[in-house]
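Please keep the sequence and the model in view while reading.

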Amino acid sequence: MSGRAPCVVSLRNLVKRFGATTAVDNVSLDVGEGEFLTFLGSSGSGKTTTLFIVAGFEDPTSGDVLVDGVSILDVPPHLRNIGMVFQRYTLFPHLSVFENVAFPLSVRRKPKAEIEAAVTDVLRLVRLETYADRRPNQLSGGQQQRVALARALVYRPRFLLMDEPLAALDKRLREEIQGEIRRIHQETGVTVLYVTHDQEEALRLSDRIAVFSHGRIEQIGTGSDLYNAPRSAFVGGFIGNSNFISCTVAEGGNDRCAIRMPSGQICAIRGSSPMATGQLVSLMIRPERIGLSTTASQAGPDCAIKVRICEATFLGESVSYKVTTEWGQSLAIREITGKSQDVPLNSGVDAYARWHSADTHIFAT
Amino acid sequence: MLLSPNRMGGGRFVLYTIGALVMAFLLLPIIFIAALSFGDSRWLQFPPPGWTLQWYRDVLYDPRWIDSILVSAKVGLVVMVLAVLLGLPASFAVVRGRFFGREVLRAFFISPMIVPLVILAIALYGFFLRVGVNGSFLGFVAGHLVIALPFSIICISNALETFDESIERAAVICGASPAQAIWRITLPSIRSGILAGALFSFLASWDEVVIGIFLASPELQTLPVRMWSTLRNDLTPVVAAVSTLLIAMTIVILAVVAIIRRDRAR
Ligand SMILES: Nc1ncnc2c1ncn2[C@@H]1O[C@H](COP(=O)(O)OP(=O)(O)OP(=O)(O)O)[C@@H](O)[C@H]1O
Ligand SMILES: [Mg+2]
């Protein structure tokens, strides 16, 4: 974010330790107005802890949280004016849907007519206006989370925190409510900090994604940034499918260099960062960036290695292959159907896997 | 189920017989007392030669019995209120607290259930003599509170344990102060546990006799204490009538608790 307008939320060098474990390790980021930013990471990577620090349920060991450029660490949670949807169902069990959604306005002592109008509006936004009189235990999980979202939006908080709100739902319902969340984000323009461990969900919803690992942000960027230019093997492996091959640098250099595959074959690659000859590296290629052909001598590709087809699965728009290299490693390859004229290769056949050097990523190991 | 009664063949009749015997063992004394209270034999003949409501009339027209019923009810109600008021913060401490010795404290809170009543009664007697509350209303309340508190704390802390703290957090992030969140969200959500704790506390005081015997004065006697002292002088069916009233009251309260439990399970 530029220095002009202060960001809605800024985390500055946040650290949180629980005894010997460091749950959040020097996290800094800025969330812009109206942005949908997602924390993506596996279980225990510190996503909830970071969110709880922003909400005020945990105090950071060090670092700061700024909202509109002002630190909120001294503000108690109930005065922070933040909306939050939790991973677990948190509707108030003894209140109806209407009373649940009205609760934030009623503790703010709003007039009755205003509450009534606001609750009706926001229930319409989440398409549950006909459920106002139900109790939480008369709602499905998806409906409960939509009511929770309505309750978090009704008082127009400065921004919204969502901690894996769909984790407890089954896949179909999850996709349906992802659509709802996207629509509601577009309609309200609310700034959202979202947490998930589901990369598809993150890609579908977010403007930007922060990949968490062991309490640190590995990389932050748009979905296509993370997919096309992962800065670490972790991010490359976490977003989308990928093949990793352990290699050594045969010839270091700044611009173009060459690496030695496990078979001994030398391949030219695009040098992303300076590498020393003899260094151990990991070569990453996406399955859809590898082509298959029966001969090595076709024009174009910069590298071709000999493989044997293990498994070919026809998937309609694409064919998914599992192949084995000369050194026994298994690679995944995905070819779009109809792009090449070749008929799908059968398992047991020898072939060449080839790729452009521009499609490879090299990570130091 | 592996051990379903339907699969046990002849064996299940043995099971039914054992069940029936246990039930009879538990119920017979109660039925026996109730039958005697309606019998017209002054000497508690069984089975009663005839039926009468005479003994109930005797109870209701005797100011000493009415007095004792009122004393027991008043002590019970005050104990009930105090047990809940003290039990609530104690339950929050043992369930939510993060401090050294929490489990020890929890065990300490329920220890009056484990210590033999007589020992508790003697200790209270000695202590109350010294501070001068023996035979007073305050003494009864304090003594009964000791045995009622474990019931209240167990009921309330069980309810609090099953209540998801995230719900309270949701109320706070919605703008409720911690006190508002507890008052408007947490307490209503665990109200069935609080009510059960209150009723059990009342019952603990209502039918308590051992501590009562030590603390009682001629002017101030709870119902069980008056029954006991009456019985010592004179075996009369009036006591059977009072017992039946006491049992009826207990059954009503337990039924209320059961209904609350069922509602909550739904
Ligand atoms: N109150 C606590 N006391 C001690 N350790 C904690 C506490 N809360 C979290 N941790 C630890 O901090 C780390 C990060 O936890 P956190 O809940 O933030 O992970 P997460 O990314 O939200 O995981 P998940 O996807 O499972 O929800 C974990 O190792 C966890 O064990
Ligand atoms: Mg979490």
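In what kind of contact do the side chains of A:Arg208 and A:Glu35 meet? The side chains of A:Arg208 and A:Glu35 meet in a salt bridge, with 2.5 Å from N to O. A salt bridge is understood here as a side-chain nitrogen of Lys or Arg within 4 Å of a carboxyl oxygen of Asp or Glu. A:Arg208 belongs to strand β9 (residues 208-213) of chain A, while A:Glu35 lies in the loop between β2 and β3 (36-41) of chain A, so the pair ties together parts that are 173 residues apart in sequence. Helices (H or I, at least four residues) and strands (E, at least two) are DSSP runs, numbered from the N terminus. A:Arg208 counts as buried at 18% relative accessibility, and A:Glu35 is buried with a relative accessible area of 9%. Buried means under 20% relative accessible area, exposed over 50%, and partly exposed in between (1.4 Å probe, protein chains only).

Residues are numbered from 1 along each chain as its sequence is written, chains are lettered from A and ligands numbered from 1 in the order in which they are written, and side-chain values use heavy atoms, with hydrogens and water left out.

The confidence values come next. The predictor gives the complex an ipTM of 0.83 and a pTM of 0.82. For chain B, the average pLDDT (the predictor's confidence in each residue, from 0 to 100) is 89, and 96% of the residues score at least 70. Among the elements of chain B, the highest mean pLDDT, 95, belongs to helix α7 (residues 165-173) of chain B, and the lowest, 84, to helix α12 (residues 237-265) of chain B. Where pLDDT is low, the predicted coordinates should not be read in detail.

Over all chains, the count comes to 22 salt bridges. One of them joins the side chains of A:Arg216 and A:Asp25, at 2.9 Å from N to O. This pair links distant parts of the chain, for A:Arg216 is in strand β10 (residues 216-221) of chain A and A:Asp25 in strand β2 (residues 21-31) of chain A, 191 residues apart. A:Arg216 is partly exposed, with a relative accessible area of 41%, and A:Asp25 is partly exposed as well, with 23%.

A further salt bridge is formed by the side chains of A:Glu180 and A:Arg127, at 3.3 Å from N to O. Here, too, distant parts of the chain are linked: A:Glu180 is in helix α5 (residues 171-188) of chain A, and A:Arg127 is in the loop between α3 (112-125) and α4 (141-153) of chain A, 53 residues apart. A:Glu180 counts as buried at 13% relative accessibility, whereas A:Arg127 is partly exposed at 46%. Salt bridges that share partners join A:Arg127, A:Glu180, A:Arg183 and A:Glu187 into one network.

Helix α4 of chain A has 13 residues and reaches 19 Å from its first C-alpha to its last, close to the 18 Å expected at 1.5 Å a residue; the expected span is 1.5 Å times one less than the number of residues. In α4(A), 13 of the 13 residues are buried, so the helix is largely enclosed by the rest of the structure.

The structure holds one disulfide over all chains, a disulfide being a pair of cysteine sulfur atoms within 2.5 Å. A:Cys267 and A:Cys303 form this disulfide, their sulfur atoms 1.8 Å apart. A:Cys267 is in strand β13 (residues 266-270) of chain A and A:Cys303 in strand β16 (residues 303-314) of chain A, 36 residues apart. Both A:Cys267 and A:Cys303 are buried. A:Cys247 is in no disulfide, and the nearest cysteine sulfur, that of A:Cys267, is 7.8 Å away. A:Cys247 counts as buried at 3% relative accessibility.

Finally, attention turns to helix α1 (residues 11-38) of chain B, in which B:Phe25 lies. B:Phe25 is exposed, with a relative accessible area of 66%.

Conventions: This is a predicted model: local features need pLDDT of at least 70, side-chain atom pairs count only at pLDDT 80 or more; totals for chains, interfaces and linings use all residues.
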